[in-house]
Amino acid sequence: MLTQENSLQGTPEQIRYLKDLERKVLWLSVWMIHHANHLRPARDGLKVGGHQASSASVATLMTALYFDALRPTDRVAVKPHASPVFHAIQYLLGNQSEDQLARFRGFGGAQSYPSRTKDADDVDFSTGSVGLGVAMTSFASLVQDYIRLKNFGPEREPGRMIAVAGDAEFDEGNLFEALVEGWKHDVRNVWWIIDYNRQSLDAVMVGRFSDRLERFFRNLDWRVEVLKYGHLLTAAFQRPGGDALQHWIDTADNSRYSALAYRGGAAWRKELISDLGDTQGIRPLLDEHDDEALGRLMTNLGGHDMETVCEAFRAVPDDQPTCFIAYTIKGYGLPLAGHKDNHAGILTPDQMTAFKKQMQVSDGEEWDQFSGLETPAEELRMFLDAVPFGRSEARRHRAPRIDVPSRFEPPSGDKLSTQEAFGRFLSDLARRHPDLADRVVTSSPDVTVSTGLGSWLNRRAIFSRHDQGDHFKDERILSALNWKMSTQGQHIELGIAENNLFLLLAALGLSAPLFGERLLPIGTVYDPFISRGLDAFNYACYQDARFIVVGTPSGISLAAEGGAHQSVYEPLIGLAQPGLTSFEPAYADELCEMMRWSFEHLQADDGGAVYLRLSTRPIAQPSREFTGALARDVTEGGYWLVSPGNQTTLGIVASGAVLPEAIEAHRQITEDEPDAGLLVITSVDRLYRGWTDSCRGPLDGPPSHVSRLLEALPATAGLVTAIDGHPSTLSWLASVRPHRVVPLGVDRFGQSGDLPDLYREYGLDAKAMVAAAARLLVDG
Ligand SMILES: Cc1ncc(C[n+]2csc(CCOP(=O)(O)OP(=O)(O)O)c2C)c(N)n1
Ligand SMILES: [Mg+2]
């Protein structure tokens with residue numbers, strides 16, 4: 001019969017299987033990198049480093065996780081440099097091919113860092129930029145609960161959102177931002193397994209960090225399990241002299257301990273004799289261990305001890321967020337172990353030969369799943385077949401499409417800003433298209449009201465895992481806002497941390513493949529503070545998350561707010577960011593069409609995320625019929641507001657909030673140049689992509705939208721472009737056809753002022769546009 005302890009740890013037989021698999025995982029990870037360096041050397045001669053030591057550090061933890069602890073609904077973010085371990089595990093589970101492993105880090109092969117979009121073996125969360133993957137798990141858990149509490153789809157057992165984190169990831173502030181936000185939202189079912197090897201890329205880190213981390217987590221109501229010692233050391237501590245031995249290890253300087261781990265058994269013996277030789281019980285302990293056994297004993301840390309790790313994972317009784325601080329040695333089991341420079345270290349061919357012998361792998365059997373292991377292959381195969389995680393059905397879900405109407409009625413009003421139009425669009429959506437609106441979820445880092453989400457909030461309320469009333473409302477204190485929180489709310493309010501916004505959008509934007517339910521996430525942020533979350537933004541796009549981010553207000557059109565809040569180069573981000581389509585509307589009807597297009601794009605197989613750059617500047621709305629042709633032009637990127645005549649020498653081109661100045665400049669110019677045209681750019685990004693695609697396409701392929709638009713101008717004409725952002729955003733229009741361009745925009749820090757003053761100062765008023773046109777005519 002199993003004792004309670006045994007059942008927690010796993011049976012001796014299970015532990016034996018797991019240890020065998022751990023050995024194979026380590027072998028394959030190390031071999032993958034060796035193969036990439038020595039047997040499939042890159043043609044550029046660059047070495048592949050940075051993986052062997054980091055992989056060895058987590059081989060035990062990840063073996064226990066994937067082959068024992070994980071359930072099919074669990075999701076994992078694997079620390080970047082443990083990519084080989086992840087691929088090796090998936091290989092053993094039959095989800096990864098030998099070919100992919102053999103081409104690790106090569107073109108088309110398994111990726112250096114686990115990638116949702118590029119890897120073939122079902123990566124849950126991409127990683128690479130340290131800190132982001134870890135934090136992502138907390139937001140994924142929130143999204144899982146959001147879906148569960150709304151009763152979307154069939155009831156599913158909640159999975160645990162798990163990060164295998166490097167300890168140096170905790171130098172990234174975004175982790176602490178995420179921890180605090182997670183605490184506020186009472187996230188559940190999150191595990192962070194910290195590979196506490198006390199090493200980062202450059203060096204051995206300062207010791208004593210473990211207890212700081214522990215306190216931090218406990219402060220935020222996490223359970224903390226410190227896996228410091230394995231069962232060998234724990235047993236040694238029970239013997240005579242054990243207290244002294246434990247004290248010696250506990251107080252040893254990190255660098256000293258690491259150096260000894262590198263130097264091995266004889267060095268341990270020498271130092272222990274020198275420091276503890278006179279302590280009763282130590283000599284017999286040393287005498288019982290040869291050098292190899294002594295090295296194994298002294299490096300028997302919790303994170304390398306299968307029994308300890310399995311027991312810790314199995315013992316978690318509930319959904320309380322849990323952090324495991326697992327002591328490990330970077331490079332454990334390899335000749336690189338503990339060396340401070342081992343991050344990029346690679347085993348030399350001689351070391352590899354010795355390691356191969358130690359692993360009992362024969363020539364030609366390097367990729368074999370079971371060679372050199374104690375357990376017969378058949379038995380291990382049966383064990384692997386029964387692994388709960390391995391038996392999972394398809395883990396990448398496909399969610400049904402949500403219907404989007406073919407047209408949205410724009411909000412009425414003679415003068416509107418795009419931000420106001422956006423707020424009213426959402427509010428109308430909630431009223432007129434309730435089914436679609438049910439799948440919309442909004443979020444904002446403390447700028448909900450000031451980015452225009454107020455009326456949406458009043459209709460759809462705030463999400464919370466626990467129902468909470470609106471105290472101000474209950475007390476009948478007058479307020480324009482309903483701040484009621486409930487499981488049915490559809491706005492996730494965040495504290496001020498733009499990284500968190502983008503990580504939440506990443507998680508919301510992956511709800512379909514991760515949790516089988518489609519959401520249409522919309523985040524709002526002041527446009528300049530996109531930069532604050534830019535790496536997380538890029539991270540979200542990199543893994544193909546589907547969301548809309550609204551940057552508002554933007555540019556110097558924000559006038560009185562001054563340079564600290566005025567965005568300058570964000571249009572270039574919108575232009576250059578892969579996985580993202582950006583728009584900058586001027587009018588409310590354009591915005592509504594962009595929203596329609598975006599809801600479709602978010603759901604398309606080849607779709608992506610969307611960025612809308614909006615403004616608080618009210619501008620006079622055109623009274624026009626929004627025809628199908630205009631709708632197409634708007635989403636293709638631009639249209640002639642005033643078509644040019646075929647004799648013209650000039651086109652005025654404007655995007656977004658500066659359109660009234662462009663209209664005025666155009667009016668003045670047509671007094672002398674009646675054929676001048678006025679082009680409105682709704683998406684410089686769509687125009688640019690269409691143009692570059694057609695440049696790469698067949699010579700007789702259809703012209704791009706921008707090429708068609710500019711075709712209306714004679715070759716001798718010039719363009720004055722204007723945007724409330726960096727002028728280079730539109731200057732490339734000079735390359736499409738033979739038209740010269742004078743690009744106007746903002747290329748200095750902004751400042752406070754009113755609009756006429758600022759547009760004059762930065763050269764964006766009608767006068768500046770007319771002057772630019774004159775220059776073109778004179779130069780021409
Ligand atoms: C944002 C970011 N900055 C820098 C790097 C380069 N880098 C990769 S791994 C690493 C150190 C990682 O240390 P740790 O997380 O402790 O993992 P270990 O190497 O110990 O396995 C650094 C600085 C990165 N990947 N991402
Ligand atoms: Mg580390």
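I start with one pair: Val-226 has Ile-325 as its bridge partner in β5. Strands here are DSSP runs of E, at least two residues, and helices are runs of H or I, at least four, numbered from the N terminus.

This is a predicted model, in which local features need pLDDT of at least 70, side-chain atom pairs count only at pLDDT 80 or more, and totals for chains, interfaces and linings use all residues. Residues are numbered from 1 along each chain as its sequence is written, chains are lettered from A and ligands numbered from 1 in the order in which they are written, and side-chain values use heavy atoms, without hydrogens and water.

β4 pairs with β5 (residues 322-327) in the parallel sense, over five bridges; pairing takes at least two DSSP bridges. The whole sheet is open, with five strands in the order β1-β2-β3-β5-β4 and parallel pairing. Its edge strands, β1 (75-78) and β4 (223-227), each pair on one side only.

Asn-197 and Gln-199 are buried, meaning under 20% relative accessible area, with exposed over 50% and partly exposed in between (1.4 Å probe, protein chains only).

Last, helix α8 (residues 209-219): Ser-210, Leu-213 and Phe-217 are buried there.
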